Amino acid sequence: MEDINSYLLKNKQQLLNELFDLLRIPSVSADPAFATDVVGAADFIKNKMEKMGLDNVSIEETPGYPIVYGEKIINPDLPTVLVYGHYDVQPADPIELWESDPFEPVIKKTSTHPDGAIFARGASDDKGQMYMHLIAVEYLLNHKALPVNVKFMIEGEEEIGSPSLAWYVARNHEKLKNDVIIISDTGMVANDVPAITTGLRGLAYLEVEVTGPNRDLHSGLYGGAVANPINILTKMIAQLTDEQNHITIPGFYDNVKELSSDERAEIAKTPFDLEQYKKDLGIDEVYGEAGYTTLERQSIRPTLDVNGIWGGYIGEGAKTIIPSKAYAKISMRLVPDQDPDEVPKIFEEYFTQLAPKAVKVKVRNLHGGYPYVTPTDSPGYKAAAKAMKRAFGKEPLPIYSGGSIPIVPLFEKELGSKSILMGFGLNSDAIHSPNEHYGIFNYLKGIETISYFYDFYNQQNK
Ligand code: BES
Ligand code: MN
Ligand code: MN
């Protein structure tokens, strides 16, 4: 039987070409202008699933974008692995900061990727990582070596909070029944420091609107006498954190689990170069909550961030007004055991109370999700760790990530199974940023690792 490494070597160009074709489809779920392309990406995945020989392949219609399903049940008595990934991508904006067309993939060398990386929106998050799973299973099928059952569920709304997937999962418990879920939509520490993500942060995402006068006013005639909603909004935002960079919302930390000193010592073992980190970001100093390290601040501590703020006149030149309205998009990353349904409530209560009577405040809850932690002694984790050890020649580190995949805790609640977050991206991949890329090394290593996972998972269950 042809081993995976010679298979990858022989088929490298073909495997890149296929991914390039998928990356050329601008499947931006957030922007209705790309609706046809989002559906086009779903069709692309469906065609691939059919070609590679999966059964019951279907485009599952939902109230939103479709979910692509496919499976190979070789024996109902064997364990079943469910693969989740997403074919939608973030908007490419700001497009002028891309060095190449975000939807015309090119290969370029970088300092972390001397073998070259694929530059395109979605290369790392998540098309490149999701596609590795299709290729790995295709290889196993071609060589009659798939040792367990597999189901694929690839969605198109992850980047907008997976509203339809929650709807779909709730209606398809039996069909989606599985023993473990595997997902590659996270990262490692470095190409020579493999890792498995054991924690994700949750999320509460709100939009606030502050209204002053019922129309924009002349700032000479009215200025000084009427509340300026932008001045007020920025003052309110400034009060949401204190000098120590603690969040001031009453009750915000009530359910936050403090880690033990042993757990914090584990985190501190993750290789981390602060000077390189600052250099990469072009900053002179890091900034964050007092009493915590940078690794802790960006993984096990909750945050509050303004993602965007607007209002008033932002055109050419000067226009003298007191604007009628001001807006901001505010997100909070949550950690165990914070509740994404409760946090927006205490936020709204506090935020409204920060406002003077001279303005009106509206708070809208856009979306949210629970934090997630998974143990390192489950059969799925152990199989993933063995697969990584075999592919990288090194034991993977368990890491907490600061990112969120809100559907993961939902899978556990609805389907009762653990998700193994076996991601192959790097923080330097610039996901959600201009010039997103994914290492060719990572793409091929990922396929190799996933192919081993199936064997080790089967052995774990014997
Ligand atoms: N794949 C990311 C999440 C991620 C990336 C987790 C790297 C860990 C490491 C996912 O596509 C994402 O961007 N999630 C969003 C949340 C979603 C509800 C929009 C996020 O974390 O902002
Ligand atoms: Mn993703
Ligand atoms: Mn993303």
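Four strands, in the order β11-β13-β9-β14, form an open sheet with antiparallel pairing. The model is predicted, so local features need pLDDT of at least 70 and side-chain atom pairs count only at pLDDT 80 or more, whereas totals for chains, interfaces and linings use all residues. Residues are numbered from 1 along each chain as its sequence is written, and side-chain values use heavy atoms, with hydrogens and water left out. Strands (E, at least two residues) and helices (H or I, at least four residues) are DSSP runs numbered from the N terminus, and two strands pair if DSSP finds at least two bridges between them. Strands of a sheet pair through backbone hydrogen bonds, either parallel or antiparallel.

In the four-stranded sheet, β11 (305-311) and β14 (360-369) stand at the edges; each has a single partner strand, so one side of each is left without a neighbour in the sheet. Neighbouring strands of this sheet are turned by 15° against each other on average, direction ignored. Here axes are lines fitted to C-alpha atoms, for helices over the stretch in contact, and angles run from 0 to 180 degrees between N-to-C directions. The antiparallel strands β11 and β13 (residues 325-334) are joined by six bridges, and valine 306 has isoleucine 330 in β13 as its bridge partner. Helix α5 (residues 229-238) packs on the sheet and touches β9 (202-211), β11, β13 and β14, with its direction at about 15° to that of β13; contact means heavy atoms within 4.5 Å.

A further open sheet has three strands in the order β4-β5-β18, with antiparallel pairing. Its edges are β4 (106-108) and β18 (437-439), each with a single partner strand, so one side of each is left without a neighbour in the sheet. Three bridges join β4 to β5 (residues 117-119), and lysine 108 stands opposite alanine 117 in β5. Helix α1 (residues 4-23) lies across β4 and β5, running at about 25° to β5.

The domain assignment gives domain 1 (4-200 + 371-460) and domain 2 (202-256 + 302-367); such bounds come from an automatic or database assignment. The centres of the two domains, taken over C-alpha atoms, are separated by 36 Å, and eight residues from domain 1 and eight residues from domain 2 take part in the contact. The area buried between domain 1 and domain 2 (accessible area, 1.4 Å probe, lost on putting the two parts together and summed over both) is about 530 Å², of which carbon and sulfur atoms give 64%.

Notes. Chains are lettered from A and ligands numbered from 1 in the order in which they are written.
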